[in-house]
Amino acid sequence: MGVIVNKQNEQNDELSRRINADLRAKAVENAKVNDDGDVDFAEDAEYLKDLKKTGKFGWIWAVLIVLAILSLISIIFL
């Protein structure tokens with residue numbers, strides 16, 4: 001009885017391994033590759049298709065937010 005169970009598990013493991021390999025190969029084929037060589041599946045999402053990436057002046061927003069926080073702190077404590 002134990003031999004039959006082991007054979008079925010081995011067959012299921014082999015089938016699962018083949019399916020996983022096929023799905024992984026299809027996903028990598030359809031996905032975009034980053035500069036690091038990593039696959040980025042997030043950019044394939046449907047809700048991201050109409051969005052554009054931040055431009056080269058996006059850091060200005062971070063500076064403005066930090067300055068706004070500093071000005072609020074200076075107004076409250078001074």
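**Stop 1: helix α1.** Select residues 2-30, which form helix α1. Within this helix, pick out Glu14 and Arg17. They sit three residues apart, about one turn of the helix. Keep in mind as you go that this is a predicted model.

**Stop 2: the Arg17 side chain.** Show side chains for Arg17 and Glu14. What joins the side chains of Arg17 and Glu14? A salt bridge does, at 2.5 Å from N to O.

**Stop 3: the trio together.** Now select Glu14, Arg17 and Arg18 as one group. A network of salt bridges links these residues. How many salt bridges does a search of the whole structure find? Two.

**Stop 4: the surface view.** Turn on a surface and colour by accessibility. Is Arg18 buried or exposed? Arg18 is exposed, because its relative accessible area of 52% is over 50%. Glu14 has a relative accessible area of 30%, so it counts as partly exposed, between the 20% and 50% limits.

**Stop 5: the whole chain.** Zoom out and switch to cartoon. The protein chain has two helices and two strands. Trace the chain from the N terminus: the elements run α-β-β-α. Keep the surface on for the next numbers. Of the 78 residues in the protein chain, 3% are buried. The chain exposes about 7600 Å². Carbon and sulfur atoms supply 61% of that area.

**Stop 6: confidence.** Colour by pLDDT. The average over the protein chain is 76. A score of at least 70 is reached by 64% of the residues. Which element has the lowest mean pLDDT, and which the highest? Select residues 32-33: this is strand β1, with the lowest mean, 56. Then select residues 59-77: this is helix α2, with the highest mean, 94. Where pLDDT is low, the predicted coordinates should not be read in detail.

**Last stop.** Return to Glu14 in helix α1.

How values were computed: Residues are numbered from 1 along each chain as its sequence is written. This is a predicted model: local features need pLDDT of at least 70, side-chain atom pairs count only at pLDDT 80 or more; totals for chains, interfaces and linings use all residues. Side-chain values use heavy atoms; hydrogens and water are left out. A salt bridge is a side-chain nitrogen of Lys or Arg within 4 Å of a carboxyl oxygen of Asp or Glu. Helices (H or I, at least four residues) and strands (E, at least two) are DSSP runs, numbered from the N terminus. Buried means under 20% relative accessible area, exposed over 50%, partly exposed in between (1.4 Å probe, protein chains only). Accessible areas come from the Shrake-Rupley method with a 1.4 Å probe; for residues, only the protein chains shown count as cover. pLDDT is the predictor's confidence in each residue, from 0 to 100.
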